[in-house]
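The sequence and the model come first.

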Amino acid sequence: MRKFWGFYKNESYSVGCNGGIVYIYNSDGKELAKFKDFPYAYSAAFKPHSNIIAVKSTEGYLGFYDLDSLSLIKKITVTRIGAQDEGFAFTPDGKYFYNIEKPVDSTQTQLSIYDAEAFEKVNTLFADEEKMVLDSIEFDAETGIAYVLGFMRDDADGVFAYGFVGKLDVENGSVTELHSLDKKRYDYLHWYKSWEESGFTEKSLEYSPLKRMEHIVETSIKEVFEDTKS
């Protein structure tokens, strides 16, 4: 099988992302379909307990596919600003899809929440936040708690001041229990999460700063969060 930038599997299907084409395979590795609905599609995620997958394009598109019917459920144009390479995830119960996006400016992030049935946007957080930049989001499968990774600027036009991990409080639209990270630890977690979001592919690792490291240690935002509490 060809090398992919992003590669993902569940019990029934495999999905390979190589930019302009999204390849669908069955559990035996037989190619079932090729989707060419938008360019620069490098990463994806399966909706829990289903054969639905979300595909994200760095060009500003989201695509949601039903692999049982091999059909595009919905295509969303988030923005026409490029470099949309921040993290995204389904909630563990499969009810919502969270996407970190930059619809207004390539240096300003927000977090959009979509209903994972109709894939309509139901909430947007941090749209007016200029100092806080979000990179990745992950959910604890048992508790449903969302943990985020990002960094802070000194001001709206400033560069990196310090990294952080924290818990997402959707109800109050905030990041709570924020723990700061120095540049070295932030960078490692940022690179590792990017590789994880590719499905840990060899092709993605080839272009990652992790490739130059003697040892790559498995980690998570939750793990770093818990470690920085002590």
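A charge sits over a ring if NZ of Lys or CZ of Arg is within 6 Å of the ring centre and within 35 degrees of the ring normal. The model examined here is predicted. Lys75 lies over the face of Tyr61, at 4.8 Å from the ring centre. Over the face of Phe160 lies Lys183, with 5.3 Å to the ring centre.

Tyr61 also takes part in ring pairing. The structure holds 22 aromatic pairs. In one of them, the planes of Phe38 and Tyr61 are at 20 degrees, so the pair is stacked. This pair links distant parts of the chain, 23 residues apart: Phe38 is in the loop between strand S4 (31-35) and strand S5 (41-46), and Tyr61 is in strand S7 (residues 61-66). Phe38 counts as buried because its relative accessibility is 6%. Tyr61 counts as buried because its relative accessibility is 10%.

A second pair, Phe151 and Tyr186, is edge-to-face. It too links distant parts of the chain, 35 residues apart, with Phe151 in strand S14 (residues 146-153) and Tyr186 in helix H1 (residues 183-197). Both Phe151 and Tyr186 are buried.

The geometry of the two pairs is as follows.

| Pair | Centre to centre | Angle between planes | Class |
|---|---|---|---|
| Phe38 and Tyr61 | 5.8 Å | 20 degrees | stacked |
| Phe151 and Tyr186 | 6.0 Å | 75 degrees | edge-to-face |

Aromatic residues also group beyond pairs. One aromatic cluster is formed by Phe64, Phe88, Phe90, Phe97, Tyr114 and Phe119.

Key: Residues numbered from 1 in each chain as written. Predicted model: local features only at pLDDT ≥ 70, side-chain atom pairs only at ≥ 80, totals over all residues. Heavy atoms only, no water. Phe/Tyr/Trp six-rings, centres within 6.5 Å; stacked < 30°, edge-to-face > 60°. Helix = DSSP H or I, 4+ residues; strand = E, 2+ residues; numbered from the N terminus. Buried < 20%, exposed > 50% of the residue type's maximum accessible area, 1.4 Å probe, protein only.
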